[in-house]
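Dear colleague,

I am passing on to you the structure that I have been working through, and my notes on it follow below. Please read them with the coordinates open.

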Amino acid sequence: MGATGRDANAFDIGVVGGGPAGSFAALLFARAGRSVVLIDSDTAKPRIEGLSPRVAALFARHGLDPQALGIGPRVTRRSFWSGTAETGNGEHLVERQAFDRALRSAASQAGAHFIAAQVKTIETGNEGWRVLCLDDGEQIAVRRAIDARGRRAPMASERVRGPATLTVGGWLSSDAASAATTTVPCRDGWLWHADFGDGRAWLQASFDGKAEAGGVDLAARVEAMLGSDEARAAFGRRLSCPADLLARNADTVLAAPELDPSHIRIGDAAVGLDPLSGHGMFWAISSALAAVPVIAALDEGTPEAIDLAKRFYAERIADTFWRQARVGRDFYRLEERFADAPYWAARRAFPDDLPSHAEGAGLSIGRAVIVENNRLCERAVVRTEQNPAGVAFVAGIPIVPVIEEIGRRGACGAGLEDLQKTCFPEASRDQAAALFGWLDSQGLIARNSDHS
Ligand SMILES: Cc1cc2nc3c(=O)[nH]c(=O)nc-3n(C[C@H](O)[C@H](O)[C@H](O)COP(=O)(O)OP(=O)(O)OC[C@H]3O[C@@H](n4cnc5c(N)ncnc54)[C@H](O)[C@@H]3O)c2cc1C
């Protein structure tokens, strides 16, 4: 087959890897009417992860029924960080093998062509085409290759990697009547126990190490953690180690800081986050969403559009990696009981000592590449401590003119109604309420109303 041929083996978009990032990207491109091939080796083993409620909400917003994807109900999340019992926001339990297959099938239903195979290499073809070489010798030509092979994607040369982290997990039986997850730090690492409330539980232990290293008695390491005072106190007894352990690497890694237009990385293939963040699947899905305007800009092909795509990609990657890595570091620092233990000392120091949020930076107006109507463009944005990359719209309302107007009114101030009439007269009540909520969260309503 010629690499530029328009035969059955040629597609507009080729997605390599059908985890959440790849399958969701394939679904989005297929829905947009592009010809898409999605290739996954389907070799990932069953395992349990916690999915944040905002990922479930994001799927629902894109017309995917969370239940049909195998996303379980939201369960209580308990944590014993710093030795204090706390109950958090809750999370949804997902069995990843079933969930990944359901998402791949949703991509197929949207029109993506699915192939169960291993991609050996991604080669350069003629006239800018890429060639996906499968393990059975088949070759598939694609105009754009999206690399969503997760942590198995070959590393781009430039990279940052956190302490080597090995995570092992396996099934246990349980007599708990209700579903909940429990996170327990101990000297050698941390444990995550997900109880389904139906007789099944999944235990996960994270500690220093590498899956490939071998020669490590994984069960002995898990047993030692389960025998710790912290684990016994949190679980109310000594849990046994699962009989079958699945080992996975979980280092925090910045794999691809720059956009390679011929080989676009999304999800863990670009940035691998610490499982402790609970942010991995959100990043996978949101990076798939971002791939749509990036590829539209690359297809446009002008130097300006390509520059926008490169800047947008690099800013998002940097913002996600450095912010999540520093937030994680701060979280490890909160657990002071084991500060001197090697596992904790390494993570309390990575990636650096810079603050996770630009504290005290306040609000500023700058320019950034944003997505507007599914296209990239450069716009004035408001940068905040929480959104250093910049916000252009709040509830669909351009935010910069609102902030500028508040700045102009300054000391003389004005009522909120008046502000609405001047800056966003067409907004609905819900939009206005959301915008005022955002202004309030930035401390701007009080200042403004004080003067009204
Ligand atoms: C131990 C552990 C626990 C975690 N817990 C959580 C959690 O509780 N919550 C959370 O949000 N995140 C969690 N994460 C992170 C989450 O798993 C990842 O961020 C997410 O799966 C990334 O999705 P992805 O699609 O980028 O990659 P993956 O999910 O890794 O998918 C990659 C896909 O590519 C396929 N593939 C790889 N190479 C090839 C090839 N050569 N040819 C064909 N197919 C290939 C694989 O079969 C796989 O299906 C955890 C991670 C680890 C390691």
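Why is strand E9 (residues 130-134) largely enclosed by the rest of the structure? Five of the five residues of E9 are buried, so the strand is largely enclosed, where buried means under 20% relative accessible area with a 1.4 Å probe and protein chains only. Strands here (E, at least two residues) and helices (H or I, at least four) are DSSP runs numbered from the N terminus.

Before the rest, two remarks on the source. This is a predicted model, in which local features need pLDDT of at least 70 and side-chain atom pairs count only at pLDDT 80 or more, while totals for chains, interfaces and linings use all residues. Residues are numbered from 1 along each chain as its sequence is written, and side-chain values use heavy atoms, with hydrogens and water left out.

To return to E9, Arg 130, Leu 132 and Leu 134 point one way from the strand, while Val 131 and Cys 133 point the other way. In a regular strand the side chains alternate between the two faces of the sheet. Strand E8 (residues 119-124) runs antiparallel to E9 and is joined to it by five bridges, strands being taken as paired if DSSP finds at least two bridges between them. Ile 122 stands opposite Leu 132 in this pairing, and in the hairpin of E8 and E9, which has five residues between the strands, Glu 127 takes a positive phi near 50°. E9 also pairs in the antiparallel sense with strand E10 (residues 139-147), over four bridges, and there the bridge partner of Leu 132 is Ile 140. The hairpin of E9 and E10 has four residues between the strands, and in that hairpin Gly 137 takes a positive phi near 95°.

The ligand is surrounded by 31 residues, of which the closest are Asp 40, Gly 50, Arg 96, Val 119 and Asp 268, a residue being counted if one of its heavy atoms lies within 4 Å. A backbone N or O atom of Gly 50 lies 2.7 Å from a nitrogen atom of the ligand, and a backbone N or O atom of Val 119 lies 2.9 Å from a ligand nitrogen atom. A polar backbone atom of Asp 268 is 2.9 Å from an oxygen atom of the ligand.

Grid points are joined across faces, edges and corners, and a volume is the space filled by probe spheres set on the points. The largest cavity holds about 90 Å³, and helix H6 (280-300) gives the most to its lining, with five residues. Among the residues that line the largest cavity are Trp 283, Phe 312 and Tyr 313. The second largest cavity holds about 50 Å³, and its lining includes Arg 47, Trp 202 and Arg 248. Strand E12 (165-173) is one of the elements that give two or more residues to the lining of the second largest cavity, and E12 gives the most, with three residues.

With best regards

Key:
Buried means under 20% relative accessible area, exposed over 50%, partly exposed in between (1.4 Å probe, protein chains only). A polar contact is a pair of N or O atoms within 3.5 Å; within protein, one must be able to donate a hydrogen and the other to accept it, and residues adjacent in sequence count only if both atoms are side-chain atoms. On a 1 Å grid over the protein atoms alone, a cavity is a set of points where a 1.4 Å probe fits but cannot get out, and a pocket is an open set with protein on both sides within 12 Å along at least five of seven lines; lining residues have an atom within 4 Å of a point.
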